[in-house]
Amino acid sequence: MALPIRPAKWGWRRATSILRFAHQNGVRTIDTAALYGDSEATLGLATAGAAFAIVTKTVKVASERSADAAVEAIISRFERSIHDLQVSHVDALMVHDVADLLGRYGDKVWRCLQGVKASGRARKIGASVYSGNDIDTLLARYDIDIVQLPINALDLRLVDEGQLDSLAARKVEIHARSIFLQGLLLSPPEQLPSKFAALAPSLVQMRQTFAEADLTVMEGLLASVFRHPMVDRVIVGAASLREFEEIVSTANRLRARQIDYASWRWPISDERLLNPALWGGL
């Protein structure tokens, strides 16, 4: 399990208590980013680097005026990340916007990441992705070490289209995000905002299946991702220690369960519903 840190909502004292609980309960990876406000500085104040493998991400550079300017922006901000985190290196550096690797500056950005890895300041390099096409193109161009991708009970695109298998075959470390789809999958179907009404029938079926298996909704959602052995880390978020305690206790309960996944199929194909970046267009 990996814990994403965006302590603009926490403050470093609350972050420290959550990190202490996380470590006591077997969490060993922290996910953060240059674009998450003061998160890296908060982690540095909490000396998180001494106890956790830290994954961070680059700034977005597609709008830079040249490839050299893009590289300069990445290096400059990464150096600040290292300083703020109070570490000599991170476990992984990922491109935050995969378009920066797939666009006009892609090759220079990749060489920049390779340089960071060669210097010992990042053990692994890769990207955060949104679609199977992103993954297919990345694997065709670059020898990535790590990827962060969306997967949950209703979003099985990368399973059905074979990208999870392709990544595993290449020994790429897979970090799964969006397992609760920003909380939507935990919401009662009747309480969904109107623009997400198309999710309701699948959510009803999903909840019925979980209930028949004697699982809570959170247990079912976690199990829906844990069932995929190709996934190396599951990223979960919490706004408070209480929320995180609930997630951890739920995950621990699942370890003792034998679950029949044979009928677990409620996939949604409309990417606009599955990708938060597209929700503005609904």
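1. E219 is buried, with a relative accessible area of 7%; here buried means under 20% relative accessible area, exposed means over 50%, and partly exposed lies in between, with a 1.4 Å probe and protein chains only. E219 forms a salt bridge with R253, the closest N and O atoms being 2.8 Å apart. The pair links distant parts of the chain, 34 residues apart, since E219 belongs to helix 10 (residues 217–226) and R253 to helix 11 (residues 241–254). R253 itself is partly exposed, at a relative accessible area of 39%. A salt bridge is taken as a side-chain nitrogen of Lys or Arg within 4 Å of a carboxyl oxygen of Asp or Glu. Helices (H or I, at least four residues) and strands (E, at least two) are DSSP runs, numbered from the N terminus.

2. On the basis of the values: the model is predicted, so local features need pLDDT of at least 70 and side-chain atom pairs count only at pLDDT 80 or more, whereas totals for chains, interfaces and linings use all residues. Residues are numbered from 1 along each chain as its sequence is written, and side-chain values use heavy atoms, with hydrogens and water left out.

3. The search of the whole structure finds 14 salt bridges. One of them joins E40 to R77, with 3.3 Å between the closest N and O atoms. Because E40 lies in helix 2 (residues 39–45) and R77 in helix 3 (residues 67–85), this pair ties together parts that are 37 residues apart in sequence. Both E40 and R77 are buried.

4. A further salt bridge connects the side chains of E173 and K124, at 2.8 Å from N to O. E173 is in strand 7 (residues 173–177) and K124 in strand 5 (residues 122–128), so the contact ties together parts that are 49 residues apart in sequence. E173 counts as buried at 17% relative accessibility, and K124 is buried with a relative accessible area of 12%. The two residues also belong to a network of salt bridges that links D91, R123, K124 and E173.

5. Strand 5 is mostly covered, six of its seven residues being buried. What are its partners in the sheet, and in which sense do they run? Strand 4 (residues 90–95) pairs with strand 5 in the parallel sense over five bridges; two strands are said to pair if DSSP finds at least two bridges between them. The term right-handed applies if, with the strands pointing away from the viewer, the path from the first strand over the helix to the second runs clockwise.

6. Strand 4 is largely enclosed by the rest of the structure, because six of its six residues are buried. Strand 3 (residues 53–57) pairs with strand 4 in the parallel sense over three bridges, with T56 opposite L93. Strand 3, helix 3 and strand 4 together form a right-handed β-α-β unit.

7. L93, a residue of strand 4, is buried with a relative accessible area of 2%. Leaving aside residues up to four places away in sequence, L93 touches T56, K57, T58, F78, L113, V116, A122, K124, I125 and G126; contact means heavy atoms within 4.5 Å. L93 and T32 are 61 residues apart in sequence and 10.0 Å apart in space, C-alpha to C-alpha.

8. Does helix 9 (residues 200–212) agree with or depart from the span of 18 Å that its 13 residues should have at 1.5 Å a residue? The end C-alpha atoms of helix 9 are 18 Å apart, which agrees; the expected span is 1.5 Å times one less than the number of residues in the helix. In helix 9 the residues A200, S202, L203, M206, T209 and F210 are buried. An α-helix has 3.6 residues a turn, so residues three or four places apart point the same way. The buried residues of helix 9 pack against helix 10. Helix 9 is followed by D214, whose phi is positive, near 60°.
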